[in-house]
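Reader: Got a model here that I'd like to go through with you. Can we take it contact by contact?

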Amino acid sequence: MFKKINVLYFAILREQAQKEQEIHETHAQTPAELYAELQAAYAFDLPKERLRAAVNHAFCAWDTPLNDNDTVAFIPPVSGG
């Protein structure tokens with residue numbers, strides 16, 4: 001069964017996906033599975049080890065279960081200046 005996940009893209013991921021957010025239908029059970037799916041679709045350069053995952057606006061582990069209508073964000077490293 002597909003889940004609808006609201007995916008938010010930031011920084012380089014937003015540039016590579018060419019969008020700020022989308023509703024993505026997926027069978028992914030975790031943020032790790034979802035990122036692998038999106039990485040294949042959008043050719044994201046960053047490995048997941050360089051990102052933080054957030055579900056429903058809270059940082060989480062990569063193996064956190066996903067539910068229908070969750071909001072997921074993948075936060076790339078930021079540089080200050």
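Reader: What does Lys 48 form a salt bridge with?
Author: With Glu 49; the closest N and O atoms are 4.0 Å apart. A salt bridge here is a side-chain nitrogen of Lys or Arg within 4 Å of a carboxyl oxygen of Asp or Glu. This is a predicted model: local features need pLDDT of at least 70, side-chain atom pairs count only at pLDDT 80 or more, and totals for chains, interfaces and linings use all residues. Residues are numbered from 1 along each chain as its sequence is written, and side-chain values use heavy atoms, with hydrogens and water left out.

Reader: How many salt bridges does the count come to?
Author: Two. Glu 22 and Lys 19 also meet in a salt bridge, 3.6 Å from N to O. Glu 22 is buried, with a relative accessible area of 14%. Lys 19 is partly exposed, at 29%.

Reader: Switching to the core. How many residues are in the largest nonpolar one?
Author: It has 20 residues, and Leu 34, Tyr 35 and Phe 74 have the most contacts inside it. A nonpolar core means buried Ala, Val, Leu, Ile, Met, Phe, Trp, Tyr and Cys residues joined through side-chain atoms within 4.5 Å.

Reader: Which elements give two or more residues to this core?
Author: Strand S1 (3-9), helix H1 (11-17), helix H2 (31-42), strand S3 (52-55) and strand S5 (71-75). H2 gives the most, with four residues. Helices (H or I, at least four residues) and strands (E, at least two) are DSSP runs, numbered from the N terminus.

Reader: What is Tyr 35 in contact with?
Author: Leaving aside neighbours within four places in sequence, the list is Leu 13, Phe 44, Leu 46, Pro 47, Lys 48, Leu 51, Trp 62 and Phe 74. Contact means heavy atoms within 4.5 Å.

Reader: Aromatics next. Which residues do ring pairs link into a cluster?
Author: Tyr 9, Tyr 35, Tyr 42, Phe 44, Trp 62 and Phe 74. A search of the whole structure finds seven aromatic pairs. Rings of Phe, Tyr and Trp (its six-membered ring) pair if their centres lie within 6.5 Å; planes under 30 degrees apart count as stacked, over 60 as edge-to-face and the rest as tilted.

Reader: What sits over the ring of Phe 59?
Author: The charged end of Arg 52, 4.0 Å from the ring centre. The rule asks for NZ of Lys or CZ of Arg within 6 Å of the ring centre and within 35 degrees of the ring normal.

Reader: And Ala 53, buried or exposed?
Author: Buried, with a relative accessible area of 1%. Ala 53 is in strand S3. Its contacts, beyond four places in sequence, include Phe 59, Trp 62 and Phe 74. The C-alpha atoms of Ala 53 and Ile 75 are separated by 6.2 Å, though the two are 22 residues apart along the chain.

Reader: Where is His 24 found?
Author: In strand S2 (residues 21-26). His 24 is buried, at 14% relative accessible area. The side chains of His 24 and Glu 37 are joined by a polar contact of 2.6 Å. That term means a pair of N or O atoms within 3.5 Å; within protein, one must be able to donate a hydrogen and the other to accept it, and residues adjacent in sequence count only if both atoms are side-chain atoms. Residues that His 24 touches, not counting those up to four places away, include Val 7, Leu 34 and Leu 38.

Reader: What about Thr 30, where does that lie?
Author: In the loop between S2 and H2. Thr 30 is buried, at 13% relative accessible area. A polar atom of its side chain lies 3.1 Å from the backbone nitrogen of Glu 33.

Reader: Last one. What is the phi of Gln 18?
Author: Positive, about 60 degrees, although Gln 18 is not a glycine. Most residues other than glycine have a negative phi. Gln 18 lies in the loop between H1 and S2 and counts as exposed, at 72% relative accessibility. Asn 69 has a positive phi too, near 75 degrees.

Definitions and conventions:
Buried < 20%, exposed > 50% of the residue type's maximum accessible area, 1.4 Å probe, protein only.
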